[in-house]
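Please look over the model shown here.

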Amino acid sequence: MAIASRITKRALSTFAAAAKLPEAAVAAAGAEAVPAPSSAQHQQQQQVLEFEDTERLFTGEPSTALVRTLAALQLMSAGPLVDVGLAALRSPAVAASPVVQAAARATAYKHFCAGETADEAAARVQRLWRGGMGGILDYGIEDAEDGAACDRNVAGFLAAVDVAAALPPGSASVCIKITALCPIALLEKTSDLLRWQHKNPSVHLPWKQHAFPILSDSSPLYLTPSEPAALTAEEEHELQLAHDRLLAVGARCAEHDIPLLVDAEYASVQPSIDYFTFVGALACNGGGRPIVHGTVQAYLRDARDRLEAMVRAAEEERVCLGVKIVRGAYLTREARLAESLGVPSPIHGSIQDTHDCYNGCAAFLLERVRRGSASVMLATHNVESGQLAAARAQELGIGKGDRNLQFAQLMGMADGLSLGLRNAGFQVSKYLPYGPVEHIIPYLIRRAEENRGLLSASAFDRQLLRKELVRRFKNAVMGRE
């Protein structure tokens, strides 16, 4: 079976137009009837990433590693089996069982995670770097309940920065979650107040510092239906401590010139996450160095509106904006919350709308990379999005060594896309979660959901792996390709 690796000029022109058009116009453009391409048009198709030649794609990858990866992805595409595992992981009592943790460690944890310690993750970065890619160190902690837990977590994040600083320059970034630095209840309350202020601009929030725009009129403001109580003096103090924790990590990253990627999370706390992120960006991204990077989840209906607002604000402030674009990982949670409230989901109504939004946001940001006003990490497992972005970057003349454009994929996922981008000369990093298995369970649940079923996110990788393993078998056993 042929492996799709080309994009039409029309697709590329639509992608480029998305940099300037509002989201509704992009969706309308995508809905137009498209005539079947002629043979002449096929000759004009642009090829930036190569997937057909799996021998070149997987050069340097041991066959044993390919077999292990294919087996793991095949196992996690078995829907009924994954459902049983998910049920076990979602039950706190069952998930705490040594037997269940051992099973998780030997399967999903081993495939998607870089180890239990920062040193183990650093060793993985070293191997990636020798193979032409970088690594994103992610100390996999989230949802802290109190200040004491937050203090422990910030120590872990600072240790990750120190480990990254000891690695080859440019080989590592660090990723954090704000829910690990600020008690979750305080983030929820602060998000309510930020949403309420957006609906009622006259409301004064004495603790609020200067930041880029956080919300838009299309954001899920319904999550705050009535005026929330103001923060108490104790809560304001805890909020300041959380700011201090983030700024401490940001300052350490700035000291060593290491990008700091702040993950997006679920909608009920995202306003607070963006608020913290942008305060940190204003403090650390001076002098044209994009240290702190926020994250935009393209499956959210308000993604493009918020992105345009924050880019305009950053350009006015003359601050280099750092942004990571992802599709999003909390679909199940968001859908359940919206259903329980009897309100529309904040997520796009179809996967195609999400694809259009992601591609539109990527095209918009690539223009800013070309101007030198933004640093972008395009985190995607979607081959078409990777191909479109690579072709557009080439068309814009963005140098493949430009550190302000990077691609990223999760460890254990989309390895074919990662290798294709690497082989084309782009900077690519793999996201490397690490930590005790009991702390990584929420992350493993999200990855298992993505890979569940025959049409899972891993289908393209499995196709590539099978083709290469068959090629190697024929070559080794029968002496021919």
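Strand 5 and strand 6 (residues 374-379) run parallel and are joined by five bridges. Two strands count as paired if DSSP finds at least two bridges between them. In this pairing, L321 stands opposite A374 of strand 6. This is a predicted model: local features need pLDDT of at least 70, side-chain atom pairs count only at pLDDT 80 or more, and totals for chains, interfaces and linings use all residues. Residues are numbered from 1 along each chain as its sequence is written, and side-chain values use heavy atoms, with hydrogens and water left out.

Strand 5 spans residues 321-326, and six of its six residues are buried, so the strand is largely enclosed by the rest of the structure. Buried means under 20% relative accessible area, exposed means over 50%, and partly exposed lies in between (1.4 Å probe, protein chains only). Both faces of strand 5 are covered. L321, V323 and I325 lie on one side, and G322, K324 and V326 on the other. Strands here are DSSP runs (E, at least two residues) and helices are runs of H or I (at least four residues), numbered from the N terminus.

Strand 5 also pairs with strand 4 (residues 292-297), in the parallel sense, over five bridges. There, G294 stands opposite V323 of strand 5. From strand 4 the chain crosses through helix 14 (residues 303-317) to strand 5, in a right-handed β-α-β crossover. Right-handed means that, with the strands pointing away from the viewer, the path from the first strand over the helix to the second runs clockwise.

Strand 1 (residues 134-139) is mostly covered too: six of its six residues are buried. G134, I136 and D138 point one way, while G135, L137 and Y139 point the other way. Strand 1, helix 10 (residues 147-165) and strand 2 form a right-handed β-α-β unit.

How do the strands run in the closed barrel? Eight strands make up this barrel, in the order 1-2-3-4-5-6-7-8, with parallel pairing. Neighbouring strands are turned by 30 degrees against each other on average, direction ignored. The axes behind that angle are lines fitted to C-alpha atoms.

Now a helix residue. L337 sits in helix 15 (residues 331-341). L337 is partly exposed, with a relative accessible area of 29%. L337 and A267 are 70 residues apart in sequence and 9.6 Å apart in space, C-alpha to C-alpha.

Last, the second largest pocket. It holds about 940 Å³ of space. Of the 31 residues that line it, E61, A65, T69, R124 and D415 are the closest to its centre. A pocket is an open set of points on a 1 Å grid where a 1.4 Å probe fits, with protein on both sides within 12 Å along at least five of seven lines; lining residues have an atom within 4 Å of a point. The volume is the space filled by probe spheres set on the points.

Which helix gives the largest share of the lining of the second largest pocket? Helix 5 does, with seven residues. Other elements that each supply at least two residues include helix 9 (118-130) and strand 8 (428-434). The lining divides into 14 nonpolar, eight polar and nine charged residues. Asp, Glu, Lys and Arg count as charged; Ala, Val, Leu, Ile, Met, Phe, Trp, Tyr, Cys and Pro count as nonpolar; the others, Gly among them, count as polar.

Notes
Axes fitted to C-alpha atoms, helices over the stretch in contact; angles between N-to-C directions.
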